[in-house]
Amino acid sequence: MQRQGFIDRLKAIVGDDYVIAHPEDLLVYEYDGSVDRAMPRAVVLPASAGEVSRTLALAYQEGVPVVGRGSGTGLSGGALAPPGGIQIAFTRMNRILEVDTENRTATIEPGVINLDLDNHVRKFGMRYAPDPSSQKACSLGGNIAENAGGPHCLAYGATTNHVLALEVALEDGTMVNLGGPAREVPGYDLRGVFVGSEGTFGIATQITVRLLPLPETVKTFLGIFPDIESACSAVSAVIGHGIVPAALEMIDALSIRAVQQVTDAGYPEDAGAVLLIELEGLWEEVDEVSREVESALWETGAGEVRVAEEDRERERLWLGRKTAFGAFGAIAPNYYLVDGVVPRTRLSQVLRKVSEVSEKYGIIIANVFHAGDGNLHPCMLFDGREPGVTERAMAGAAELMEYCVAVGGTLSGEHGIGLEKKQFMPLVFTDADLAVMRRTRDAFAPANRLNPGKIFPDDDGFYQIVPQPTPPPGDTGMYV
Ligand SMILES: Cc1cc2nc3c(=O)[nH]c(=O)nc-3n(C[C@H](O)[C@H](O)[C@H](O)COP(=O)(O)OP(=O)(O)OC[C@H]3O[C@@H](n4cnc5c(N)ncnc54)[C@H](O)[C@@H]3O)c2cc1C
């Protein structure tokens, strides 16, 4: 079949204006914040589940692989199209269809932005708890595919704990429903299997999520430490007191200075590290636990402990945390984020390894991460125009991934495996483990037409992991 014929048939499904096929327009879709780039053959922007289904059916008939694309913030190459493949982007499917205040659920289309949902339901005294640091930009469809976490997932659990039902289009366009609005659903938990499947099982076209009531009281602490070691001890001490804060985030010295250069979040620039700790609940409960948190911080060497009780103060502290990755642009034009998980008690040890890797490969590394979950994010900062530096960053990242696993951790806390971590899968899974995963994928997508080439190390009919040269300045598109 001629290329134009296929594009015309896509246009017949979604309308002429909603198929992007011009190479310059497609540049926007070649990247998801990782180091890999891949230009899709076309991007389709459907307006409904029916259009998604018909697009998939056509692509299936023509043997064209398909990748869903939310906001392209995934950082692991997950949303990149395989050669000859098309992307389905959900920019137009961004409606909040229903908020059921009595049953505390919301039903939405996959292109709804995480923060837009949360802001909307707050008007009804509720919240959507999973709050990735990219929540201003990332979509609920992407969150489902990656089982996204976020600062408040320490207490409330990641995306999978908040998804009740999914309407899904399979690779050949067949529509299925997984889960249901009731708390318990008989049969296999296919909803649970789908969440975190990185777009390889199907395309989510409608999502029903659980909402939580807004807490009566919220209190945020900024623990200021002279060095990162004492801040790590404080993490263990807080959890060791039997406290599960709503959030427990670490920001190191380099990140503090980067943040303060672009916005005044109130972080002291001479600190070695700060911890952002949030407590939520009934007033009496928060008041009692606050005292324990404060004593844990003082006991482990905090130089100062600040408490924010007013919304504005709290928002300012969180603004620093949530804009940190963008602030790294003040240090270097490129970043490569390592997403690993380690036992909380190993945080100091692994952060020492991060410093060693920084020195060995000559790459600056900043650390901002979900400390309560042991989910590290060493962020390698470099100028990709320097010959060989991207390869050095990748080699350093590989050494860190291996170290995380060696100390009892794992590969990805939240960004998924995608392209960038698939070669590390044998570090944590046996051949038999991977075979079961593959058979599960085959039950949903036997022709492997959805997001092929991702997750499995030997599923490389479409890709090789080759870091792409960085484009000239002004074209990096890196900042989120
Ligand atoms: C600055 C920054 C901070 C971040 N912080 C966090 C964080 O705190 N926690 C966290 O978990 N992640 C974080 N991330 C990573 C990223 O934002 C999340 O993984 C997010 O869930 C991706 O959403 P997206 O809409 O951008 O998805 P995309 O990047 O567009 O896609 C991600 C995957 O989802 C698939 N997909 C998209 N839509 C659908 C759909 N409707 N059906 C099926 N599959 C689909 C794609 O095919 C791809 O495999 C951060 C990223 C950045 C840049």
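1. Let's start with a word you'll need: two residues are in contact if their C-beta atoms, placed from the backbone, lie within 7 Å. By that rule, 11 residues of domain 2 are in contact with 13 residues of domain 4. On the domain 2 side, the touching residues split into 6 nonpolar, 3 polar and 2 charged. (Ala, Val, Leu, Ile, Met, Phe, Trp, Tyr, Cys and Pro count as nonpolar, Asp, Glu, Lys and Arg as charged, and the others, Gly among them, as polar.)

2. Keep in mind that this is a predicted model: local features need pLDDT of at least 70, side-chain atom pairs count only at pLDDT 80 or more, and totals for chains, interfaces and linings use all residues. Numbering runs from 1 along each chain as its sequence is written.

3. Where do those domains sit? The domain assignment gives domain 1 (3-89), domain 2 (99-213), domain 3 (217-329) and domain 4 (332-444); such bounds come from an automatic or database assignment. The C-alpha centres of domain 2 and domain 4 lie 26 Å apart.

4. Now the strands. Helices (H or I, at least four residues) and strands (E, at least two) are DSSP runs, numbered from the N terminus, and two strands pair if DSSP finds at least two bridges between them. S1 pairs with S2 (residues 42-44) in the antiparallel sense over 2 bridges, and Ile20 stands opposite Val43 in S2. (Axes are lines fitted to C-alpha atoms, for helices over the stretch in contact, and angles run from 0 to 180 degrees between N-to-C directions.)

5. Another open sheet has 5 strands, ordered S5-S6-S10-S8-S9, with antiparallel pairing. Its edge strands are S5 (96-100) and S9 (175-179), each pairing on one side only. From one strand to the next, the twist averages 15°. S5 is joined to S6 (residues 105-108) by 4 bridges, with Ile96 opposite Ile108 in S6.

6. Is strand S18 (residues 364-369) mostly covered or mostly open? Mostly covered: 5 of its 6 residues are buried, meaning 20 or more other C-beta atoms lie within 10 Å of a residue's own. S18 pairs antiparallel with S20 (residues 378-382) over 4 bridges, and 2 bridges join S18 to S13 (residues 247-252), also antiparallel.

Notes. Buried ≥ 20, exposed ≤ 12 C-beta atoms within 10 Å, placed from the backbone.
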